[in-house]
Amino acid sequence: MLRNIKYFFQMLLIFIFALTSIVALFFLIFFILKESFPAIKELGKEPFTNIYWYPTSRKPEFGMLAMIIDSLLLTGFSATFVIPIGYFISFYLHTYSNPKEKKYIKSIIEILSGVPSVIIGMFILIYISPLLLKLEIWSTENFLLASIGLMILSLPYTISLMTESLDSVDKSLEESSLALGVNKYKTTLKVTTKAAISGILNSIILTINRIIGETMVVLLVAGGAAMIPSSIFDPVKPLTAAIASEMGEVELGSLHYHALFLAGLILLFISMVLTVLSKRFTRRWKR
Amino acid sequence: MKKVLLLLIVFITSFGISSTLVIKGSNTVFPIAQLWIEEFKKIHPDVEVTLEGAGSSTGIAALFNGTTDIANASRWLKNEEIQKMHEVGKYFIPIVIGYDGIAIIVNKNLNIEQISIETLSKIYTGKIRYWNQVDPNLPKKQILVYSRNTASGTYETFEKKVLNEENMAPWVRMVESTQFEIQTIEQNPYAIAYVGVGYVTEKVKVLKIDGILPTKENILTGKYPISRPLFMFIDATNGYPESGLIKNYITFGLSKRGQELVEKAGYVAAYGF
Amino acid sequence: MKKDRSISILLRILSYSISSLIFVFLVIVIFDGAKYFSTEFFTSYPTDGMKSGGIFPAILGSFYMILLSLIFSVPLGIITGVFLAEFSENKLSKIIDMSITSLSGIPSIVFGLFGLSLFSITFGFGTSLIAGALTLSLMTLPVISSATAEAIRALPIELKESAYALGLKRNEVIFKVILPAARKRIITASLIGFGRSIGETAPILLTGAVFYSTSLPKNIFSPVMTLPTHIYYLVAAYGESAKWMAKGTASFLMIFVLAIYLITFLVGGRRNG
């Protein structure tokens with residue numbers, strides 16, 4: 001009898017606890033939507049068509065277009081470098097490295113993944129930014145520095161995901177290719193990568209998701225100017241930095257406040273789309 | 001509305017339980033408040049104080065939300081804030097704690113000594129982008145324009161008195177704090193920024209505005225065109241605090257020692273000469 | 001074969017250079033900051049405008065925040081992981097899996113917004129330890145849950161089968177057989193959650209942390225100073241004079257994260273070969 005009661009309660013506990021993730025996600029989406037709604041209602045298309053962000057001036061303008069473009073440009077630029085570099089390193093780890101090398105490199109990459117983003121931002125500001133002055137580049141917080149920070153941050157992600165995908169390919173595929181006389185690099189490139197393509201695409205998507213959602217690095221080194229950059233030394237202000245820096249100063253319930261939630265909604269939407277895409281690829285890959 | 005009420009109730013009660021003094025607001029007043037708090041704690045060792053300096057607007061907003069006891073401000077209330085006071089039935093009172101001038105600073109190696117208000121305005125609104133447009137003797141280098149972010153009272157004052165409420169150019173870099181601007185100017189020969197005079201160090205050059213330097217005298221007499229009083233705002237809706245933490249803090253701030261500390265922070269004392 | 005040699009050399013150079021750069025980075029962060037370590041650094045409050053003193057309140061604040069958040073995220077995470085691994089036939093499991101994956105991809109600042117609107121405002125907790133901890137727990141939930149699910153799936157199936165064969169009911173198999181068997185992995189997962197959350201800044205920036213506090217948090221409704229936010233404020237809001245403290249704090253934080261990784265490694269053994 002007692003056993004049955006225990007069964008009932010413990011199973012109930014499991015169900016309730018497990019539901020929290022759904023509840024949490026639901027409430028998160030709900031609250032972000034709820035708090036963005038006044039901005040959507042009052043501003044309509046403006047955030048997406050206007051490049052001028054003057055939320056506190058006499059004639060306020062809530063154009064987020066410049067910041068959205070900043071976020072996208074930063075992500076695109078950083079990803080363009082990180083993904084190939086990550087791929088090359090995973091390629092090396094999978095194809096050529098001996099077990100000791102692999103272990104060493106993977107450990108150091110994993111340690112990097114644990115470094116808090118605020119420390120990376122601090123490092124760039126304190127050690128790398130002054131180097132720019134020595135090179136007579138007077139813009140000490142800019143697109144390029146932010147991009148470097150983002151690359152440092154996302155590299156471990158890319159490498160570990162891609163290595164995992166490559167490693168999980170059936171060894172027999174590689175062995176047969178090698179047995180046929182194909183050299184190692186071609187094997188990995190043409191055979192393994194193709195077989196692991198969904199995993200690789202998955203890594204790309206997750207890397208992009210990580211970069212676009214990063215806040216602290218860009219808050220510290222991107223420059224804080226909501227403009228579309230014309231050079232990599234121009235300052236920029238991606239959506240994440242705008243939210244973090246301005247949220248502390250808005251009056252709760254003001255249009256500015258709701259507009260920042262709208263920025264959060266845009267980020268949320270992008271990340272959910274990427275997550276769904278990633279899930280599709282993972283399912284195909286894990287099969 | 002109901003949410004605000006609930007929040008207020010929770011906060012007023014939680015404040016009743018603890019004896020913490022919460023101070024939020026202006027980044028310009030922050031150094032004064034830090035010095036005051038350090039000495040205040042020596043006099044009242046059982047009191048706890050928390051201090052934030054994200055900007056004047058955050059302090060006033062917090063006063064409305066009931067999340068702060070004292071709002072430091074380097075600007076007066078905006079019209080919308082006064083209107084909101086009427087709407088929600090609150091009554092904030094200002095206490096002048098000192099005077100400040102907004103100094104325009106550039107790197108010591110930049111060959112310029114003074115600037116006019118119109119030129120300054122043109123730089124910040126984006127009509128002028130290169131140093132040689134300011135003075136043909138200067139090199140043709142892009143001006144790195146720095147500003148505080150919009151929460152800052154310094155920003156508001158600058159916007160009002162220099163820009164005449166025109167918008168700043170999108171490439172003006174908004175940073176979180178004055179210290180950061182000072183550091184940048186110290187190292188970057190082509191940057192310009194505006195800061196509370198209390199933050200100025202010997203490592204930066206202060207420009208004369210239309211021939212006038214922001215000295216204590218020029219600020220007090222109003223000769224320097226960008227000067228302003230520094231305030232503490234408190235919520236006096238339920239009456240003026242005649243006793244308690246807030247009153248003790250105010251009394252200390254306006255005392256001889258408190259005003260000495262205002263000067264130590266680099267500003268101009270309001271009382272006690 | 002020749003192509004293989006040249007490519008492998010090129011890639012080796014690339015991988016080694018990047019690894020060395022990372023190594024150099026870690027060395028700089030840790031050692032350039034560690035030179036500021038002293039008993040005073042770890043046991044006293046910051047004083048004199050961050051020019052001297054220590055980071056004790058930030059260390060304590062971080063600890064409180066993480067521990068409080070783990071109280072929520074560990075049990076929830078473990079049980080969710082159990083559900084995902086053990087009840088995978090259930091349709092609900094797919095939805096939960098999707099939710100967990102979605103949560104793990106959401107930007108940290110969006111969590112901060114959520115925490116602000118739900119815990120700080122609607123629940124009325126304000127800027128407090130509990131608001132920050134709850135927000136953090138939502139972020140660590142997916143990590144712990146996925147790691148637990150993986151750990152359970154890795155258990156030999158005979159373990160479960162023999163338990164059922166002996167007549168144990170589902171809940172008993174879970175709580176008396178599976179969880180104890182996966183104990184090591186679960187502890188590892190919690191440690192990883194701990195390591196991740198101690199460095200998270202964005203979510204607590206909006207919900208739990210303050211610039212500067214003269215006292216220790218009295219209860220879970222007080223705001224706290226934390227290590228990552230302290231680094232942020234020091235770098236963004238203070239200048240040269242506080243650089244030493246930023247470096248020192250970063251070094252300490254980095255050493256701490258490394259220590260957790262080391263413990264994880266020792267307790268759990270490497271998961272990936």
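**Legends to close-up views of a predicted model**

**View 1. The order of helices and strands in chain A.** From the N terminus on, the elements of chain A follow the order α-α-β-β-α-α-α-α-α-α-α-α-α-α, which comes to twelve helices and two strands; here helices (H or I, at least four residues) and strands (E, at least two) are DSSP runs, numbered from the N terminus. Taken along the principal axes, the C-alpha atoms of chain A fill a box of roughly 75 × 75 × 35 Å. This is a predicted model, in which local features need pLDDT of at least 70 and side-chain atom pairs count only at pLDDT 80 or more, while totals for chains, interfaces and linings use all residues. Residues are numbered from 1 along each chain as its sequence is written, chains are lettered from A and ligands numbered from 1 in the order in which they are written, and side-chain values use heavy atoms, with hydrogens and water left out.

**View 2. The interface of chain C and chain A.** In this view 83 residues of chain C are in contact with 75 residues of chain A, where contact means heavy atoms within 4.5 Å. The size of an interface is often given as the accessible area lost when the parts come together. Chain C and chain A bury about 7300 Å² between them, and carbon and sulfur atoms carry 76% of it; buried area is the accessible area (1.4 Å probe) that two parts lose on being put together, summed over both. Two salt bridges are counted between chain C and chain A, a salt bridge being a side-chain nitrogen of Lys or Arg within 4 Å of a carboxyl oxygen of Asp or Glu. One salt bridge joins the side chains of C:Asp97 and A:Lys279, at 2.9 Å from N to O. On the side of chain C that touches chain A, helix H1 (residues 2-34) of chain C gives the most, with 18 residues. By class, that side of chain C has 53 nonpolar, 18 polar and twelve charged residues; Ala, Val, Leu, Ile, Met, Phe, Trp, Tyr, Cys and Pro count as nonpolar, Asp, Glu, Lys and Arg as charged, and the others, Gly among them, as polar.

**View 3. Chain B as a whole.** The secondary structure of chain B comes to eleven helices and twelve strands, and along its principal axes the C-alpha trace of chain B spans about 65 × 40 × 30 Å. The radius of gyration of chain B is 20 Å, which agrees with the value near 19 Å that a compact globule of 273 residues would have; this radius is taken over C-alpha atoms, and the globule rule is 2.2 Å times the number of residues to the power 0.38.

**View 4. The two domains of chain B.** The domain assignment, with bounds from an automatic or database source, gives domain 1 (19-99 + 228-269) and domain 2 (100-227) of chain B. The contact between them takes 21 residues from domain 1 of chain B and 22 residues from domain 2 of chain B. About 1600 Å² is buried between these two domains, with carbon and sulfur atoms giving 51%. B:Asn27, B:Arg228 and B:Val268 supply 41% of the area that domain 1 of chain B buries against domain 2 of chain B, more than any other three residues.

**View 5. Salt bridges in chain B.** Three salt bridges are found across the interface of domain 1 of chain B and domain 2 of chain B. B:Arg228 forms a salt bridge with B:Asp100, and their closest N and O atoms are 2.6 Å apart. Another salt bridge brings together the side chains of B:Glu39 and B:Arg257 (2.6 Å, N to O). This pair links distant parts of the chain, 218 residues apart, with B:Glu39 in helix H2 and B:Arg257 in helix H11 (residues 256-264) of chain B.
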